[in-house]
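Thank you all for coming. Please take a moment to look over the sequence and the structure on the screen, and then I will walk you through a few parts of it.

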Amino acid sequence: MKLPQKLAIGFILGIVAGLIFQFTGWNAKILQPFGDLFIRLIRMVIVPLVVSSLIAGAAGMSDAAKFGRVAVKILVYYFFTTAVAVTLGLIVANIVHPGIGVNLSTTGLKAQEVTPPSMVQTLLNIVPINPIESMAKGDLLPMIFFAIIFGFALSSLGEAGQPVLKFFEIVMNVMIKVTGYVMEYAPFGIFALITVTVGVYGIGVLLPLFKLIIVMYVVALLHILFVYTPFITLIGKMRPGTFFKGVAEPLLVAFTTCSSAAALPLNMRSVEKLGVPKSISSFSIPLGNTINMDGAAIYLGIAAVFISEVFGIHLSINQQLTIILMAILASVGSVGVPGSALIVMTMVFQSVGLPIEGIGLVAGVDRILDMARTPLNILGDAVGAVVVARSEGELKSEQLNS
């Protein structure tokens, strides 16, 4: 049995077990350590895999002009799809009105105090003072910056740098093997995580916000159909079935764990199997994992309309355009900051005068909403890698299509 089938079985059994816990009143959180173990195992792999693959990829992509082209293309793609995502969320939310008729008490709500970093400070934080410290903290963007600089410097040494390059290539291959070992435990970890999610939240907490949840999932599906699929077919020249089958593993992990970081190693491996060279996947996937937030952007648009309707506040066209701009900027402005989702939402809400206390209204179902947001973020990264590889003439997917 292949891994996607095992993951699907673990997911289905987790739903069944969660419902049993819910209706019997037992404490589903007794299984939480088994889910947390899976998250810790997969995160254990991230830093050595990303650093080694980035260094090996940058050393192999010694052409600075090529690197510049790849960087510009992937950044343009990320910002474009993020803008489309938040716009789509706003349009659908304005049509459906998820906050109309919702009877939720807004008394006693308190917002957590957050201080969004300035754009200048965010840009400075990309350059690590201590690369080892950034690796220890798991700050991806400073890690990417250092690894790329190190890789280019390594390639400039020519023959003298080959032993070091060979070392990082071996480390990368070892970490890919380790990822394979970790994924043997994945079905059990996913079973535990889904059981806890269903067993703790159940159906009762979903009913008052059912309309909001449905809108989030519908918009996510629309984004896949009308944004990602055309990119894959028209620019990537790949069959949608081939692509979605290829990224099934990271999507299932992202859906069940609600962690982009947990799905990062699998996403890199999956796009490479689809024909994306390591030199592109090792740069675009970690970068997208850090700044590409299509799922979060959709949620920002929907949540803004939802909160405005619950509080009886009218959002003008100018305010909604501001939300689009702020969602793009905030996705970069929250890089490397713990609790980034809260900070991004706070920045957007403050920019248009929405009460940030409203964030507490959706806190109860945030996990359910996150199960739509995270796979979309992961999927967007994979699409970007395929599209850029095809534009560079380096996508080796002909054997897959045939």
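Let me begin with a term: a nonpolar core is a set of buried Ala, Val, Leu, Ile, Met, Phe, Trp, Tyr and Cys residues joined through side-chain atoms within 4.5 Å. With that in mind, and remembering that what you see is a predicted model, the largest nonpolar core has 127 residues, and those with the most contacts inside it are Phe 38, Phe 243, Val 253, Phe 283 and Phe 349. Helix α17, which covers residues 366-391, gives the most to this core, with 14 residues. If we take Phe 349 and leave aside its neighbours within four places in sequence, its contacts are Ala 303, Ala 304, Ile 307, Leu 354, Pro 355, Ile 356 and Ile 359. Another core lies apart from the largest one, and its five residues include Ala 28, Leu 31, Ala 192 and Val 196.

Let me turn to the aromatic rings, where a search of the whole structure finds ten pairs. One of these is formed by Tyr 77 and Tyr 78, a tilted pair with 5.6 Å from centre to centre and 55° between the planes. Tyr 77 also pairs with Phe 231, and here the planes stand at 85° with the centres 5.2 Å apart, so this pair is edge-to-face. Elsewhere, the charged end of Arg 373 sits over the ring of Tyr 299, 4.4 Å from the ring's centre.

As for the record, the unreviewed UniProt entry places the feature "transmembrane region" at several spans, including residues 74-96 and 296-317. In the model, residues 74-96 are 100% helix, with their end C-alpha atoms 33 Å apart, while residues 296-317 are 73% helix and 0% strand, with their end C-alpha atoms 21 Å apart.

Finally, a word on confidence: the protein averages a pLDDT of 83, and 88% of the residues score at least 70.

Conventions
Residues numbered from 1 in each chain as written. Predicted model: local features only at pLDDT ≥ 70, side-chain atom pairs only at ≥ 80, totals over all residues. Heavy atoms only, no water. UniProt positions renumbered as here; feature names shortened; annotations may be inferred. Helix = DSSP H or I, 4+ residues; strand = E, 2+ residues; numbered from the N terminus. pLDDT = per-residue confidence, 0-100. Phe/Tyr/Trp six-rings, centres within 6.5 Å; stacked < 30°, edge-to-face > 60°. Lys NZ or Arg CZ within 6 Å of the ring centre and 35° of its normal. Buried < 20%, exposed > 50% of the residue type's maximum accessible area, 1.4 Å probe, protein only. Contact = heavy atoms within 4.5 Å.
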